[in-house]
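This report describes the fold and selected side-chain interactions of one protein chain. The sequence and the structure are shown below.

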Amino acid sequence: MSIVGIEALEFGAEDIETGKRFAEDFGLTCIEEGTEGATFEALNGARLAVRGIDDPTLPEAFEAGSTLRRMTWGVADAEALAALRERLCDQPGFVDHGDSLECRDPNGLAVRIQPTSLRDVELEVTPINQWGDMRRVDQPSPVYERATPASIGHAVFFVDDLEASERFYRDLLGFSVSDRYIDRAVFLRMQARGGHHNLFLLKLPHRGAGLNHVAFTVRDIHEVIGGGLAMNRRQWSTFIGPGRHPVSSAYFWYFNSPLGGAFEYYTNEDYLTEAWEPREMQHSLESFTEWAIEGGIDADTRRQKKPEA
């Protein structure tokens with residue numbers, strides 16, 4: 001279908017300066033800064049905007065406090081945008097800006113659609129040696145002093161109405177189901193061929209609509225670790241990680257974000273095609289996290305952090 005990437009995330013923050021520092025420490029490049037906030041980007045041009053929580057240019061929040069206020073998805077071209085105009089015109093909050101469309105999804109989040117401006121990114125990725133497949137020869141694996149995210153890969157939301165939210169992204173925006181936790185959550189990808197998920201919708205008891213986390217792709221497991229250690233050195237707290245998700249095969253490291261929810265570095269997710277058959281699973285710790293380090297790895301000792309007395 002027509003959605004090809006995550007173009008932008010706009011946050012309303014209670015503390016703009018702390019939010020800006022977090023985004024910069026996370027490895028995003030500041031491309032615009034002023035009294036109203038700042039805009040950062042990943043290597044492929046995907047943008048992250050940090051604005052004040054009361055900024056009048058931001059749409060109404062779908063939860064209290066610092067959080068994501070608008071998510072922008074890119075389509076291939078103007079023709080694809082025109083096709084979505086017909087599908088979205090009767091959705092709540094619909095606005096036709098001419099060169100973009102905007103509405104509310106069933107979870108209350110402001111969603112914008114526009115022709116993509118993302119750049120292709122070519123990065124050198126050092127091969128991994130495995131049994132019977134030695135691709136790295138006379139070359140050590142890299143050590144990264146920090147991460148430089150290549151793109152915004154996915155977002156995860158707590159939802160009030162799982163079925164309605166899934167229908168919006170599947171039927172109107174053309175997303176494909178990758179996997180499902182029965183009566184609890186669904187993993188969705190933008191295209192039939194692509195990474196395991198670009199969107200994860202999760203319904204939990206006693207938790208209303210809101211942001212869980214946003215995730216940024218990096219080159220390899222070494223950059224996940226290098227980025228995580230750099231964030232640790234800068235005194236940002238780990239939510240969980242490093243670790244690995246068996247449901248997508250991805251390695252991860254999550255950090256608590258002053259912008260709301262958590263920010264994740266990840267790599268090595270499964271690549272799916274039309275031949276993939278979505279799995280129906282019971283939600284469990286074992287299916288979601290094969291292994292993970294609580295509290296992260298201390299950058300000074302290179303060991304798991306000791307719990308505070």
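## The surroundings of Asn198

Leaving aside neighbours within four places in sequence, Asn198 is in contact with Ile6, Trp73, Gly153, His154, Ala155, Leu188, Arg189 and Met190. The model from which these contacts come is a predicted one. Asn198 itself belongs to the loop between strand E12 (194-195) and E13.

The relative accessible area of Asn198 is 11%. Because the limit for a buried residue is under 20%, Asn198 counts as buried.

In general, the strands of a sheet pair through backbone hydrogen bonds, in either a parallel or an antiparallel sense.

Within this sheet, strand E11 (residues 185-189) and strand E13 (residues 199-202) form an antiparallel pair over 4 bridges. Leu188 is placed opposite Leu199 of E13.

E1 and strand E4 (residues 47-52) run in the parallel sense and pair over 6 bridges. Glu10 stands opposite Ala49 in E4.

Which residues of helix H2 (residues 78-88) are buried? They are Ala80, Leu81, Leu84 and Leu88. Viewed down the axis of H2, these buried residues fall within an arc of 100 degrees, so they line one face of the helix. Among the elements covering them are strand E1 (3-13), strand E5 (67-75), strand E7 (101-104), strand E8 (110-115) and helix H3 (162-172).

On the face of H2 turned away from the buried side are the exposed residues Ala78, Glu79 and Glu86. At the start of the helix, a side-chain oxygen of Asp77 comes to within 3.2 Å of the backbone nitrogen of Glu79.

## Salt bridges

The structure holds 18 salt bridges. One of them joins the side chains of Arg119 and Glu41, at 3.1 Å from N to O. This pair links distant parts of the chain, 78 residues apart: Arg119 is in the loop between E8 and strand E9 (151-158), while Glu41 is in strand E3 (residues 37-41). Arg119 is partly exposed, at 42% relative accessibility, whereas Glu41 counts as buried at 14%.

A salt bridge also connects the side chains of Arg219 and Glu223, with an N to O distance of 3.1 Å. Arg219 is partly exposed, with a relative accessible area of 23%, and Glu223 is buried, at 1% relative accessibility. The side chains of Arg244 and Glu290 meet in another salt bridge, at 2.6 Å from N to O. Because Arg244 lies in strand E15 (residues 238-244) and Glu290 in the loop between helix H5 (285-288) and strand E20 (291-292), this pair ties together parts that are 46 residues apart in sequence. Arg244 counts as buried at 19% relative accessibility, and Glu290 as partly exposed at 47%. Salt bridges that share partners also join Glu10, Arg70, Glu102 and Arg112 into one network.

Technical notes. Residues are numbered from 1 along each chain as its sequence is written. This is a predicted model: local features need pLDDT of at least 70, side-chain atom pairs count only at pLDDT 80 or more; totals for chains, interfaces and linings use all residues. Side-chain values use heavy atoms; hydrogens and water are left out. Buried means under 20% relative accessible area, exposed over 50%, partly exposed in between (1.4 Å probe, protein chains only). Helices (H or I, at least four residues) and strands (E, at least two) are DSSP runs, numbered from the N terminus. The arc is that of the directions from the helix axis to the C-beta atoms. Contact means heavy atoms within 4.5 Å. A polar contact is a pair of N or O atoms within 3.5 Å; within protein, one must be able to donate a hydrogen and the other to accept it, and residues adjacent in sequence count only if both atoms are side-chain atoms. A salt bridge is a side-chain nitrogen of Lys or Arg within 4 Å of a carboxyl oxygen of Asp or Glu. Two strands pair if DSSP finds at least two bridges between them.
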